[in-house]
Amino acid sequence: MTDDELIAAARAARERAYAPYSHFLVGAAVIADGRIFAAPNVENASYPLSVCAERNAVAVAVASGHRQIEAIAVVGSSDAGITPSCGGCRQVLYEFGGSQMRVIAESLAGDERRSWTLGELLPLAFGPRDLHP
């Protein structure tokens with residue numbers, strides 16, 4: 001699975017976003033067991049109930065029986081460049097990918113792409129190991 005394929009899936013998911021309030025469409029795609037699972041963000045009139053694309057993509061993978069995510073790609077709507085995942089999404093990603101998971105973000109225009117490990121974006125993460133003695 002190439003980064004280009006993962007980004008393409010995120011871009012396609014972005015087109016299906018439901019964002020009538022912010023108009024900020026986001027698409028995300030994760031790789032789990034060699035398969036791509038993609039989803040958009042879904043807003044709600046009660047703003048706190050909105051769900052980010054990253055968490056939706058994780059939910060699609062988990063609902064399909066997968067528990068280990070290898071990488072995620074995100075494409076947002078910012079004219080100013082890339083849209084990295086929010087802190088809440090980073091925490092959810094850590095649950096299923098750990099600190100070595102690759103995170104790729106590309107600008108809407110496609111002229112900027114960055115890649116990190118999740119550990120770089122979420123140092124000292126809280127995870128399952130913190131709940132067990």
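1. Cys86 is partly exposed, at 36% relative accessibility; here buried means under 20% relative accessible area, exposed over 50%, and partly exposed in between (1.4 Å probe, protein chains only). Cys89 is in no disulfide, and the nearest cysteine sulfur, that of Cys86, is 3.7 Å away. Cys89 is buried, with a relative accessible area of 1%.

2. The model is predicted: local features need pLDDT of at least 70, and side-chain atom pairs count only at pLDDT 80 or more, whereas totals for chains, interfaces and linings use all residues. Residues are numbered from 1 along each chain as its sequence is written, and side-chain values use heavy atoms, with hydrogens and water left out.

3. On the matter of disulfides, the criterion is a pair of cysteine sulfur atoms within 2.5 Å. By this rule the model has zero disulfides. The sulfur of Cys86 has its closest cysteine sulfur, in Cys89, at 3.7 Å, which is too far for a bond.

4. Helix H1 covers residues 3-14, 12 residues in total, and reaches 16 Å from its first C-alpha to its last, close to the 16 Å expected at 1.5 Å a residue. The expected span is 1.5 Å times one less than the number of residues. Helices (H or I, at least four residues) and strands (E, at least two) are DSSP runs, numbered from the N terminus. The buried residues of H1 are Leu6, Ile7, Ala9, Ala10, Ala13 and Arg14. Seen down the axis of H1, these residues fall within an arc of 160 degrees, so they line one face of the helix; the arc is that of the directions from the helix axis to the C-beta atoms.

5. Leu6, which has its place in helix H1, is buried, with a relative accessible area of 0%. Leu6 and Ser22 are 16 residues apart in sequence, and their C-alpha atoms are 25 Å apart in space.

6. The largest pocket has a volume of about 220 Å³. On a 1 Å grid over the protein atoms alone, a pocket is an open set of points where a 1.4 Å probe fits, with protein on both sides within 12 Å along at least five of seven lines, and lining residues have an atom within 4 Å of a point. Grid points are joined across faces, edges and corners, and the volume is the space filled by probe spheres set on the points. Of the 16 residues that line the largest pocket, Phe24, Val26, Asn41, Cys52 and Ala53 are the closest to its centre. The lining divides into nine nonpolar, five polar and two charged residues. Ala, Val, Leu, Ile, Met, Phe, Trp, Tyr, Cys and Pro count as nonpolar, Asp, Glu, Lys and Arg as charged, and the others, Gly among them, as polar.

7. Asp33 has a positive phi of about 50 degrees although it is not a glycine. Asp33 lies in the loop between strand E1 (27-32) and strand E2 (35-40) and is exposed, with a relative accessible area of 53%. Leu124, also not a glycine, has a positive phi of about 55 degrees. Leu124 is found in the segment after helix H4 (118-121) and is exposed, at 88% relative accessibility.

8. Gly88 is in helix H3 (residues 87-97) and is partly exposed, with a relative accessible area of 41%. Gly88 and Glu112 are 24 residues apart in sequence and 24 Å apart in space, C-alpha to C-alpha.
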